[in-house]
Amino acid sequence: MSGPTSREICLASRPSGIPTTANFKLVWTDSEPLKDGEVLVRNLFMSVDPYMRGRMNEGKSYVPPFQLGQPLDGGAVGDVIESRAPQFKPGDVVTSNFGWREYFVGTPEQLHSVSREIQPLSVYLGTLGMTGMTAWAGLNLVEVKAGDIVFVSGAAGAVGNVAGQLAKLRGCRVIGSAGSAEKVRFLREECGFDGAFNYKAGPVLEQLNREAPQGIDVYFDNVGGETLEAALSALRLHGRIVACGGISGYNDGKPRPGPSNLMNIVAKRLTMKGLIVSDWLDRRAEFEQEVGGYFKAGKLKHKETVVKGIEQAVGAFIGLFDGQNIGKMVVELA
Ligand SMILES: NC(=O)c1ccc[n+]([C@@H]2O[C@H](COP(=O)([O-])OP(=O)(O)OC[C@H]3O[C@@H](n4cnc5c(N)ncnc54)[C@H](OP(=O)(O)O)[C@@H]3O)[C@@H](O)[C@H]2O)c1
């Protein structure tokens, strides 16, 4: 007897510019019956993330590209339905990289157990998952410490809001930029940022100088482009940059020219470090203990934008590129 029918999203074609629904296809597949050592999981939530845009292109990067006609993959949290592996039993909650589908069959090494006591379980895709870990890793990468003035771009998004809140918990002064007045309010009133501005409301450097007249020590870069250029100007002597992402350029056909003021790196002896969160997986337990501890103690505001149903997943993904999310964008599947 075969397992449940799963709906999955496949790559239909590679986009040029902003992806459209035509680049994706929803298909139905029957799962194979379980073999010894296998586990059947029903996904409860799946993640959509900006880095997936890069995987829609052909060519080598730090993660392999999605394959035409094949299901996409990415972070997910789900319920074990059936298990023929001794490590898991029905009712266990697991995270995996088998997103973009409703059910899947995996092996124990492809699954990571998490506690059902923490709710909502989607938090394992955000604050206590890949994006929260990115925020935590970025602060460690450039050794953010009490007293630093930290500027975070993409600040109302999944990585950004956690990076800013963790920096506050370390005793920093934190400034954020985001793309709407509602997001600016969220940063100031709910996340405890000391300052925030709408990067669409005026020149970034002017607004950053207003919020941080004495300059900044750390720039957590999620967006690149004009904001990176502004941060290079605002950074103080020996300032540090976490190069985490550059979403402002992800849909460009041709890379745009870089910042015109890179000489700031020389003049102010700045350090810019690239971050890939998967390099930090051997420190996952440390992350879970520290950030999980803050979460359980109610010290971290958890914010997410939840879209329901796998048929809405493509829209949720495309929505990342025009800022439709506050906090982590997740898709509820069950
Ligand atoms: N290096 C790593 O290991 C790693 C891991 C995870 C994520 N990342 C990177 O971190 C960044 C944030 O990822 P996330 O998962 O937290 O996504 P997110 O911030 O939750 O969602 C994307 C946000 O980007 C903003 N945005 C879209 N187009 C923009 C533009 N042209 N200029 C400025 N902002 C724009 C939008 O907010 P607004 O309304 O504010 O425009 C949108 O809500 C991305 O660059 C991602 O690639 C890196």
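## Packing of α5 and α6

In this predicted model, helix α5, which spans residues 204-211, and helix α6, which spans residues 225-234, have axes that come within 9 Å and cross at roughly 45 degrees. Since angles under 35 degrees count as roughly parallel and those from 65 to 115 as roughly perpendicular, α5 and α6 are therefore oblique to each other. The crossing in which α5 passes α6 is right-handed.

On the α5 side the contact is made by Val204, Leu205, Leu208 and Asn209, while α6 contributes Glu226, Thr227, Ala230, Ala231, Ser233 and Ala234. Sorted by class, the contact of α5 with α6 has 6 nonpolar residues, 3 polar residues and 1 charged residue.

## Nonpolar cores

The largest nonpolar core has 50 residues, and those with the most contacts inside this core are Tyr124, Trp136, Val150, Leu166 and Leu187. At least two residues of the core are supplied by each of the strands β3 (39-47), β8 (149-152), β9 (173-178) and β11 (216-221), and likewise by each of the helices α2 (130-141), α3 (158-169), α4 (181-190) and α8 (284-296). Helix α2 provides the largest share of this core, with 6 residues. Apart from this core lies another one, of 22 residues, which includes Ile9, Met46, Val48 and Phe317.

## Surroundings of Leu187

Leu187, one of the residues with the most contacts inside the largest core, touches Ala155, Ala156, Gly176, Ala178, Gly192, Phe193 and Ala196, when residues up to four places away in sequence are not counted.

Note on methods: Residues are numbered from 1 along each chain as its sequence is written. This is a predicted model: local features need pLDDT of at least 70, side-chain atom pairs count only at pLDDT 80 or more; totals for chains, interfaces and linings use all residues. Side-chain values use heavy atoms; hydrogens and water are left out. Axes are lines fitted to C-alpha atoms, for helices over the stretch in contact, and angles run from 0 to 180 degrees between N-to-C directions. Helices (H or I, at least four residues) and strands (E, at least two) are DSSP runs, numbered from the N terminus. Angles under 35 degrees count as roughly parallel, over 145 as roughly antiparallel, 65 to 115 as roughly perpendicular and the rest as oblique. A crossing is left-handed if the near helix is turned anticlockwise from the far one by less than a right angle, and right-handed if clockwise. Contact means heavy atoms within 4.5 Å. Ala, Val, Leu, Ile, Met, Phe, Trp, Tyr, Cys and Pro count as nonpolar, Asp, Glu, Lys and Arg as charged, and the others, Gly among them, as polar. A nonpolar core is a set of buried Ala, Val, Leu, Ile, Met, Phe, Trp, Tyr and Cys residues joined through side-chain atoms within 4.5 Å. Buried means under 20% relative accessible area, exposed over 50%, partly exposed in between (1.4 Å probe, protein chains only).
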